Amino acid sequence: MKFKVDGHEVYASTGGRPFDKNKPLIIFVHGSGLTHMTWVLQTRYFAFHGYSCLALDLPGHGLSGGESLKSIEDMADWISKVIESVGFKEASLVGHSQGCLVTVECTARYPDKIKTLSLMGGAGAIPMNKELLSLAENNDPKAVDLMMDWAHGPAGHFGGHPVPGLYHINTGGMLAKSRTIKNTLGVDFRACDNYKNGFEAAKKIKIPTLSILATDDKMCPVKEGKKLADLIEGSKVDIIDNCGHMMLLEEADRVLKVLKNFITKNYPAKKVIN
Amino acid sequence: MSDKDKKGTKPNTYKFDTLSLHAGYQPHKNAGSRQVPIYQTTSYLFDDVDHAAALFNLERGGHIYSRISNPTVAVLEERVASLEGGTAALATSSGMSAIFLAVMTLCEAGDHLVVSSQLYGGTVNLFRLTLPKFGIKCTFVKPRDTEGFKKAIQKNTKGIFGELVGNPGNEIMNMPEIAKIAHDAGIPLMVDATYQTPYLCKPFEHGADIVIHSLTKWMAGHGSSMAGILVEGGKFDWMQNDKFPTMTAPYEGYHGLSFAEEFGPTAFTMKARAEGMRDFGPCLSPQNAWNVLQGIETLSVRMKKHCSNADEMVKYLSSHESVAWVSHPNVPDHPDHELAKKLLPNGRGSMIAFGIKGGKDAGVAFINNVKLASHLANVGDTRTLVIHPASGTHSQMDEATLKFAGLSHDMIRLSVGIEDIDDIKNDFEIGFRAARKPRLVSNQ
C-alpha cells in the first residue's frame, strides 16, 4: 500500500492482505540498499495470521519516493512517523542489519510506541569497510557484488532457496541495483558508518527483545550481535547454524519459527488496539 | 563489516565451472548425499494444516505437489539460474513448453508479439498457428532486420522473441540493439539461447530479460532426456507502464497478490510457476531433471570440444569440392561474423549449415550413406547429427515457405558432436562420395 510521510509517498507491502487497523501492527525494516522484498517469507505469514504488516521501503528505496535519509537517527524518527501516519499508536518492530540500528534507535527514542523488538543480523555498530563504502558512494556495482558475497552463507553461495527456483545471490543483487547505488547503498552505508549510539540506545530498551544471529554471518558476526543483546534487559538470543547474514531468506523457515514464537507470545494477534 | 574482517575487496562468489557442479544443492540438507537425490514423489507431507495453508498462500517456500515444484527439479532450476546470471528459473517438460509458459505468463488475448522469422519449425508453428487461437498475434521479422523489429511494435505488443542464432540458417540477432528497441518501447526481450548455452553467451549481459532453453540439447547433451527452462534476468520493471496488468494488478488466484510488487526481480518466474504450472502443468520429471544435471556438470568441457570440432568441420567443408557453401558464424564472410565475435566470445557453437553440390538428390544420398553421423531430428547431442531439411523436416513446405524459412534444397544441417574429428571427416567423405554418384550417372 502507499501512504505519505513528510509529504513523500511511502510504499509498504502488507503481506498480501488488506491493511487492517484493528489488528496489531508489525513493521519490518530492511537492510542497507535493499527493499521490502527481503521480507516476503515473513510478512505474508503474519499477514495471514492476525496481524497488519508493513514491510517498508525506506525513503528513496524500492517503490518509495523522496530521498534516502542520511542518518540512522533520521530513519528512527521516520519510523515513528510511519506508525502515526497509518493511524496506529504502537507497533512491533522487526529489523535486519541496518534495520536493526534503526529499530534499536527508534525503540530507545519512542519507548511507549514500540511493544516488541526483533533483530536479525544486528549489532550495536556497523563500521564499514572503507573500500566497500567508497565503491558504493561512487556508484560502482562492484559494491553490490561484494555485499552479496559477504552477506550470504552456504545457502546463498551454493543454493537451496526455500522458494523453488530462486537463486539467492542474483536476486539480492538485483534488489540492491533496483535504484541508483550511490543514492541507496552509498547513503545507507555512510549512515551505518556514522552511527555511534547503538550501545547507549540498547541500554534504554525495556521491552521484549529477540536477537536472531547466524554462525556464518560475516557482516554482523555473532559476537557483535551478542554484545548488543547483552545490553538489552531480558533480551533473548537465537543462533542459527550454517547460515549467513541474509538469514531471513537463507533460512526463512527457521527464522519464521523463532520470530513467530516470540511475537505471538509477546504481542499476540488477538490483542485489538486503536 | 569492518576492515579487519575482510581480506581485499574482490567478490569470492563461485565461478562458472564450480557452479556447473554445485549450484542449487547442499549435501548436508540431503542426508549427506554427494549426488543430488532423485525425489521421485508426487507430493510432500504438511507439518499441520497451518503449514499447508502457508504453502498454498505463498507465505512460505516449499513443495506441495510435483507439478508445481520438486526438490530435484529445483536444484536444476537454481543451477541454470546461477549459470545464466538470473534471479530465478522454472524448468519445464520441454523447450516448447518453456516458450509457451513464457508467452502465456506475459500475454493475454488481444496482445501481440514481435518475433524473429528464423526459428525452429515447431516454434514457428506455435507463434504462427497456435497462439492466434488464444487471441495472441505475432508479426515476424527477419533477424538481421533490426529496424524491422522497431517498426513492427504496436500499442498492444507485449514483447520481442527470437533465437539468438537462428535455426537453421545461423543468422544472428543483434541482441543489444534489439534489447534497446524493446526497452525503449517498455517491453521485454525474450531470447531462446538453446544453441549457445550460458557457456557461450549469457544473454542477460546483452539486454535480454527472459532466457529460454531447450535443455534437451547441449545443456543435457547426451540425447537422453527432454527438458526446458525459462530464466528471469530480474532487471525488467513490470511497473514502468500499464502494459502488464497480469504482473502488476491484484491477482484473484492468490488473494489479490500483485506479483510485481511482492516479488520484484523474481515476479515473472513466480507467476509462471504459480499460475502457469498450476493451470497448464508441463512439469519436468525429477528423473529427467537429474539427467540434465549430469550433463550440466560437464557443460564447459563438452562445449569446448563441440566448438573446436565445429571449427575444424567449417575448415574442412569450406575447402571441400562437394560443398557449395558453408554457413557458420566463424566463416569470415558470414554476414554476422563480427557480431558473433562480440556476443559469443567463448565459441560460435556447433551448428553448421552447408549446401551440397547436386541439390536435393545429392543431399538425400549424403544422408543415406553416412554411418557415424546420425540422421535424426535433434541437435546438441554429444554425437554428430545430420538432417536434410528439404527431404525431411520441411519436406511438406512449398518453395515460398522454404525460402521464407531460410531453407534451400541443397542445405544440410549439421550438429557437430564430440567424436574424434578425423572419424567425423572420414564419415563425411563416404557421404560425399555417394552424393556425387547420381550426378556421374546422369552425366553419362
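Colleague: What makes the sheet in chain B an open one, and in which order do the strands come?

Modeller: In this predicted model, 5 strands line up as E8-E9-E12-E11-E10 in chain B, with mixed pairing. Strand E8 (323-327) and strand E10 (374-375) of chain B each have a single partner strand, so one side of each has no neighbour in the sheet and they stand at the edges.

Colleague: How do you know that E8(B) pairs with strand E9 of chain B?

Modeller: Pairing takes at least two bridges. E8(B) and strand E9 (residues 351-356) of chain B are joined by 4 bridges, so they count as paired, and they run antiparallel. One bridge links B:Val326 to B:Phe354 in E9(B).

Colleague: Which helix packs on the sheet, touching E8, E9 and strand E12 of chain B?

Modeller: That is helix H13 (residues 299-318) of chain B, whose direction makes about 10° with that of E9(B). Helix H15 (residues 359-369) of chain B lies across E9, E10, strand E11 (385-387) and E12 of chain B, at about 125° to E9(B).

Colleague: Now to chain A. Why is A:Asp217 called buried?

Modeller: Buried means under 20% relative accessible area. A:Asp217 has 4%, so the word applies. This residue sits in the loop between strand E7 (209-214) and helix H10 (222-230) of chain A.

Note on methods. Residues numbered from 1 in each chain as written. Chains lettered and ligands numbered in written order. Predicted model: local features only at pLDDT ≥ 70, side-chain atom pairs only at ≥ 80, totals over all residues. Heavy atoms only, no water. Helix = DSSP H or I, 4+ residues; strand = E, 2+ residues; numbered from the N terminus. Buried < 20%, exposed > 50% of the residue type's maximum accessible area, 1.4 Å probe, protein only. Contact = heavy atoms within 4.5 Å. Axes fitted to C-alpha atoms, helices over the stretch in contact; angles between N-to-C directions.
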